[in-house]
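Let's take a walk through this model together. Have your viewer open and follow along as we go from one end of the chain towards the other.

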Amino acid sequence: MRLFKLNTSVHKWLSLFVGLQLLIWLGTGLYFNLMDHNKASGNELRVHSHHEGNITDFRFIPIKDITSEAPQEVKLIWILHQPYYHFVFNKGQHSYQERHSKLFDAVTGKPFNLSDEQVLTLAKNSYSGEGKLTTPVLSQPPFSDHVRQQNPMWQVVVEDENNTTIYLDSITGQVLRHANDDFRLKDLMMKLHFMDYGNSGGFNHWLIIAFAFSTLFLSVTGVTWLIQQYQNGFLKPVWSSNKQKVAVTFSNENTITDISAVGSSTVLAGLESSHVYLTSSCGGGGTCGKCMFLSSTQLPITLSEQEHLSDEQLKEGYRLGCQHRFSEISSIEVNTDRNIENHELVVVATNFITPFIKEVKFKVKSGKRLVFKAGAYMQFEVPAGINSLRPDDMPENYEKYWESYSHGRFSHDGVTRHYSLVNFDEESDEITFNIRWQTAKDGFRAGIGSSYLGSLQVGETIAAKGPFSDFYATSNNKVRRIFIGAGSGLAPLRSIIFEQLKKHHFQGDMTLIYGARTEDDLLYHNELNLLSEQHKNFSYIPTLSNPSEQWEGHSGYVQHVLLTHLVKGIEAFSTEFYLCGPEAMMNELERIITDVGIPSNQIFKDKFSR
Ligand SMILES: Cc1cc2nc3c(=O)[nH]c(=O)nc-3n(C[C@H](O)[C@H](O)[C@H](O)COP(=O)(O)OP(=O)(O)OC[C@H]3O[C@@H](n4cnc5c(N)ncnc54)[C@H](O)[C@@H]3O)c2cc1C
Ligand code: FES
C-alpha cells in the first residue's frame with residue numbers, strides 16, 4: 001500500500017512538473033509563431049557599413065617583418081578604411097569561445113589598439129536610429145545579452161526607446177550584436193523554451209536531461225498505476241448497460257429495499273437514479289468524503305477513502321459511494337432517508353438576527369409541507385455566479401462588527417452546501433435556516449454558500465434536496481438530555497428541543513448550554529428564556545466568551561459550564577449529550593464527557609464540517 005501511494009504521488013508531482021513545462025512550451029512556441037522576426041533579432045535599426053579602402057593606396061609591410069610570436073592565422077582586415085593585420089594566436093571552434101589575437105598596422109607594422117572614438121564611430125556607423133550613443137566601455141564576460149561570449153567586448157549603450165546596446169569585438173571593432181528590449185524578450189522566450197533556466201545559452205544541459213528522465217518516469221509510474229488499479233479491481237471493463245439489483249438497508253428506518261441501477265454507474269449515481277441520496281458536497285469528485293455507505297463485501301480502498309475515512313471505518317467496511325461501481329456491491333447499508341426529494345424553495349423572510357447570522361425562511365414552492373425529524377438538514381444547490389464579500393442589507397446597529405471587512409464582489413463555481421433546519425416540521429409551514437456569513441478572511445473570498453443564501457431576497461428561489469436526518473433525538477423517554485452548542489450550531493439543537501417539548505411533550509430533564517461571543521451574538525435568547533419559563537424540565541444556560549459589564553449570566557466557554565455540571569454530578573448512564581458547533585469545541589467536549597465515564601454511544605455530534 002505504501003509503494004502504491006508513493007507511485008501515485010510521484011506520478012502526480014511529475015505530471016505537475018512536466019505539465020508546467022509543456023504549458024511553457026506551448027506559450028513560447030505560440031510567441032515564436034506570432035513574433036516579428038526582424039524586430040526580435042534586435043537588428044531593426046542596424047545597418048551594415050563598409051570599411052574597406054583602396055588596396056593600391058597603401059604600401060603594405062610584409063608580414064614576416066612584423067615582430068610577434070608566431071600566429072595560427074593572419075588576416076588582412078579594414079577598420080574605418082585603414083588596413084590592419086589580424087594575428088590570431090589561438091582560438092576555439094566557435095567565434096564566442098576564448099580567443100587570443102592582436103592587430104598590427106599593415107603599413108607601419110606597429111601593434112594597434114582601437115581608441116574609444118574609433119569604437120564610437122564604428123558603433124554609430126552600424127546604427128540608424130535617433131538615440132544618443134554614450135562613451136564605449138570595454139567590458140569583461142559574462143554578458144546578460146550574450147551569455148555564451150567568453151571574450152571581452154566593447155559595449156556602447158544607446159539612449160533610445162528600445163534600450164539598445166551595441167556590442168563590438170574588443171580587438172577588431174567588428175559589430176557583433178545589437179541587443180534591445182525586443183531582442184531581450186525573444187532571448188527570455190528562448191530560455192523558457194529550451195529550459196535554459198541556468199543561462200547556459202544552449203539546450204545541452206542537466207535540466208533538459210532531468211526533464212527527459214522525468215517524462216520517462218511519468219510514463220513508467222502512469223503504467224504502474226494503471227496496472228495497480230486493474231489489480232485492485234478498479235478497471236473492470238463494463239461491456240453492457242445491464243441493470244444490477246442491490247439490497248439497500250436504510251439504517252435510519254431499519255428497512256431493506258432492492259434497488260436496481262446500471263452496473264457501470266457509481267454507487268452514488270446508482271442510488272441517486274432511484275432517488276436515494278447519499279450526502280455529497282463535491283458532486284462525486286471524491287474530495288468531500290461525505291458519501292459514505294457500509295458494504296457487506298470487502299471492497300478495495302481508494303486513495304480518496306484513505307484520506308477521508310478512519311482506519312476503523314475502513315475496517316468495518318465503510319466506503320465512499322463515488323469511488324465504487326454499482327456492479328461491485330451486492331448489499332449495502334446507508335444512513336439516509338429513502339424518500340429524499342428535490343424541492344424548489346421560495347424565500348418568504350430574511351433578517352439578520354445576530355451581527356453575522358441571517359435567519360432565512362422559505363416555503364416549498366409546490367406547497368408541499370415537509371415532514372422530517374428535528375435535527376435534519378437540507379442540501380442546497382448554489383449556482384455559479386457573482387456574490388458580495390459582505391451583506392448589502394445589514395442593520396445599522398451591526399455595522400460596527402463589519403468595519404474591518406472590505407466591500408466588493410467575487411465570482412465562483414456552482415457548489416452544494418448543507419444547512420440545518422431551525423424549526424421542527426409541525427411548528428410552521430415555513431422552513432427556517434440560520435446562515436452564518438463566512439467572512440472573507442486574509443484577503444480570500446467570502447464563503448460561497450453562506451454569502452449566496454445570505455443575499456437571497458424575498459421571492460427568490462433556490463433548489464434544495466432533503467431533508468436528510470442523521471442527527472436526531474433518540475426514542476428514549478426516560479433519559480436526561482444535555483444539549484451543547486455554539487454559534488449557528490444552535491440550529492439543529494433548537495429544532496430538537498422544540499420538537500421534544502412541543503410535539504412529543506417530553507418529560508425528562510433537558511439542559512441547553514449555548515456559547516456565543518457577546519450579547520449581540522446570542523441566537524433566539526428571549527425565545528429560549530421564555531421556553532425555560534414555560535417548561536420546568538428545560539433549563540437554558542447561555543455563556544459568553546466576551547460579555548459586556550452588564551452581563552449577569554455565565555462567562556467563558558461552554559466547556560467550563562459543562563465541567564461545573566459534571567462536577568455537580570449527573571447520572572452518567574441515563575444522560576445523552578447532543579453537540580453542535582466548531583469541530584475543536586466538539587472534540588474537547590467529547591473528551592471531557594468520555595473522561596467521566598459516559599459511553600460514546602450516548603454522545604451525538606452534528607458536524608458542520610463534514
Ligand atoms: C450537516 C450540516 C449542517 C450545517 N448546518 C449549518 C447551519 O445551520 N448554518 C451554517 O451557517 N452552516 C451550516 N453548515 C455549514 C455549511 O454547510 C457550510 O459549510 C458553511 O456555510 C461554509 O460554506 P461556504 O460556502 O459559505 O464557505 P466556503 O466557500 O466553503 O468557504 C469557507 C471559508 O473559507 C474561506 N476561504 C475561501 N477561499 C479560501 C482560500 N483560498 N483559502 C483559505 N480560506 C478560504 C472563506 O472566506 C470562508 O470563510 C452545515 C454543514 C453541514 C455538513
Ligand atoms: S461525493 Fe464527495 S467524496 Fe464522494
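This is a predicted model: local features need pLDDT of at least 70, side-chain atom pairs count only at pLDDT 80 or more; totals for chains, interfaces and linings use all residues.

An unreviewed UniProt entry annotates residues 13–34 and 206–227 as "transmembrane region". How much helix does the model show there? Residues 13–34 are 100% helix and 0% strand, with the end C-alpha atoms 32 Å apart. Residues 206–227 are likewise 100% helix and 0% strand, and here the end C-alpha atoms lie 31 Å apart.

Next, have a look at the backbone. Most residues other than glycine have a negative phi, and most peptide bonds are trans. Against that background, Leu-80 has a positive phi near 45 degrees, and His-81 has a positive phi near 70 degrees. Leu-80 sits in the loop between β1 (73–79) and β2 (82–90), and His-81 is placed in the loop between β1 and β2 as well. Are these residues buried or exposed? Leu-80 is partly exposed because 13 other C-beta atoms lie within 10 Å, while His-81 is exposed, with 11.

The bond from Pro-141 to Pro-142 is cis, with omega near 10 degrees, and Pro-142 belongs to the loop between β6 (137–139) and β7 (153–159). Another cis bond joins Gly-466 and Pro-467, with omega about -5 degrees; Pro-467 lies in strand β22 (residues 461–468).

Finally, turn to ligand 1. Its surroundings comprise 23 residues, the closest being Arg-436, Gln-438, Gly-447, Gly-449 and Ser-450. At least two residues of this shell come from each of β20 (415–420), β21 (431–436) and α9 (448–455). By type, the shell divides into ten nonpolar, eight polar and five charged residues.

Technical notes:
Residues are numbered from 1 along each chain as its sequence is written. Chains are lettered from A and ligands numbered from 1 in the order in which they are written. UniProt positions are given in the numbering used here, feature names are shortened, and annotations may be inferred rather than shown by experiment. Helices (H or I, at least four residues) and strands (E, at least two) are DSSP runs, numbered from the N terminus. A residue is near a molecule or strand if its C-beta atom, placed from the backbone, lies within 6 Å of it. Ala, Val, Leu, Ile, Met, Phe, Trp, Tyr, Cys and Pro count as nonpolar, Asp, Glu, Lys and Arg as charged, and the others, Gly among them, as polar. A residue is buried if 20 or more other C-beta atoms lie within 10 Å of its own, exposed if 12 or fewer, and partly exposed in between; C-beta atoms are placed from the backbone.
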